[in-house]
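Q: I would like to learn how to read a protein model. Can we take it feature by feature?

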Amino acid sequence: MTSSAVSTAVELINAPLLYKGKVRELYDLGENVLIVVTDRISAFDYVLDPAVPEKGNVLNRLSAFWFGKTKELMENHVVHIDVDLLGDIVEDKEALRNRVMVVRKAERIDIECVVRGCITGGGWRQYRETGEVNGIELPKNLRKNALLAQPIFTPAAKNDVGHDEDIPFEKMQDLIGANLALELQEKSLQLFSFAREYCAERGIILADCKFEFGLLDGKVILIDEIFTPDASRFWAKDKYALDIEIDSMDKEPVRTYLSASSWDKNSKPDPLPLEVVEETTRRYLDIYHRLTGKSL
């Protein structure tokens with residue numbers, strides 16, 4: 001395990017950069033795409049300094065783990081995760097070992113497919129104001145963090161600029177077509193149900209998660225990342241309670257620190273303290289171990 005963080009791979013990849021996101025970098029390999037998962041971390045729409053050691057390692061390995069677990073339920077975009085197969089495309093293979101994923105090129109469907117098993121976060125804020133989440137009416141007098149009798153599908157329209165926009169299912173049908181919308185809803189709920197059960201056996205509550213899908217040769221496949229701390233809300237069962245902010249198993253130390261600081265949220269914050277970075281690394285390593293039974 002390395003203690004140094006990887007904040008970018010641009011100097012290490014001999015292929016055109018297609019896209020640089022907050023955490024991931026996509027490179028064009030012709031028929032396929034190379035995804036490099038860096039250790040960058042974001043909160044409140046800002047990419048922060050410094051990068052968090054091992055974060056990208058955990059995210060990439062967890063995605064690969066879950067893509068393998070769910071491939072019978074849903075075809076996905078993974079070709080391989082072996083940096084040694086990339087030859088001279090990668091300048092320093094050890095720096096990027098376990099951080100790469102070669103995937104098939106798919107046409108992204110511009111809907112973020114969110115499934116909620118609990119009423120918390122943005123869903124709780126909607127419910128408190130309207131009694132609904134994405135137009136779905138829920139029982140009255142639910143308490144914050146309550147487990148829902150049935151998980152709900154609450155899509156968002158993806159915006160490349162600004163925040164994704166929560167939309168009712170009917171709007172999703174208008175945007176992409178009724179049949180495709182129904183397929184994505186069904187697959188999202190199936191995947192969530194599978195992972196929720198798996199997590200429960202390991203003392204973890206999967207509160208909510210998001211998926212992205214793409215089209216390849218006219219067929220829907222699963223893309224991006226799945227069931228990582230950046231795409232899911234994991235709670236330790238022994239930390240679960242109603243009416244509180246549950247300490248989730250992800251970058252919560254970063255959010256907590258920033259929320260308690262004097263940062264104005266209108267400009268990039270000062271570098272994170274070492275103890276916050278170290279605790280965040282520990283969180284990511286812990287969820288990886290709890291979900292896979294392995295250590296990095």
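A: Helices (H or I, at least four residues) and strands (E, at least two) are DSSP runs, numbered from the N terminus. Proline 50, for instance, sits in the loop between β5 (46-48) and α1 (55-70). A cis peptide bond links aspartate 49 to proline 50, with omega about -10°.

Q: What should I know about the model itself?
A: This is a predicted model: local features need pLDDT of at least 70, side-chain atom pairs count only at pLDDT 80 or more, and totals for chains, interfaces and linings use all residues. Residues are numbered from 1 along each chain as its sequence is written, and side-chain values use heavy atoms, with hydrogens and water left out.

Q: Is aspartate 39 buried or exposed?
A: Buried means under 20% relative accessible area, exposed over 50%, and partly exposed in between (1.4 Å probe, protein chains only). Aspartate 39 has a relative accessible area of 0%, so it counts as buried. Its place is in the loop between β3 (32-37) and β4 (41-43).

Q: What does the side chain of aspartate 39 make a polar contact with?
A: A polar contact is a pair of N or O atoms within 3.5 Å; within protein, one must be able to donate a hydrogen and the other to accept it, and residues adjacent in sequence count only if both atoms are side-chain atoms. Here the partner is the side chain of arginine 99, at 2.7 Å. Plain contact means heavy atoms within 4.5 Å. Leaving out residues up to four places away in sequence, aspartate 39 touches several residues, including Ser4, Val6, Pro53 and Lys55.

Q: Which residues of α5 are buried?
A: First, a general idea. An α-helix has 3.6 residues a turn, so residues three or four places apart point the same way. In α5, the buried residues include Leu180, Leu184, Ser188, Leu191 and Ala195. Helix α5 (residues 178-200) has 23 residues. The expected span of a helix is 1.5 Å times one less than its number of residues. From first C-alpha to last, α5 reaches 33 Å, close to the 33 Å expected.

Q: Where is asparagine 98, which has a positive phi although it is not a glycine?
A: Asparagine 98 lies in the loop between α2 (93-96) and β7 (100-104). Its phi is about 75°. At 26% relative accessible area, asparagine 98 is partly exposed. Lysine 265 also has a positive phi, near 65°. Lysine 265 is in the loop between α6 and α7.

Q: How do the axes of α6 and α7 cross?
A: Axes are lines fitted to C-alpha atoms, for helices over the stretch in contact, and angles run from 0 to 180 degrees between N-to-C directions. The axes of α6 (residues 252-260) and α7 (residues 274-292) come within 8 Å and cross at roughly 150°. That makes α6 roughly antiparallel to α7. Angles under 35 degrees count as roughly parallel, over 145 as roughly antiparallel, 65 to 115 as roughly perpendicular and the rest as oblique. Glu252, Pro253, Val254 and Tyr257 in α6 meet Val276, Glu279, Thr280 and Arg283 in α7.
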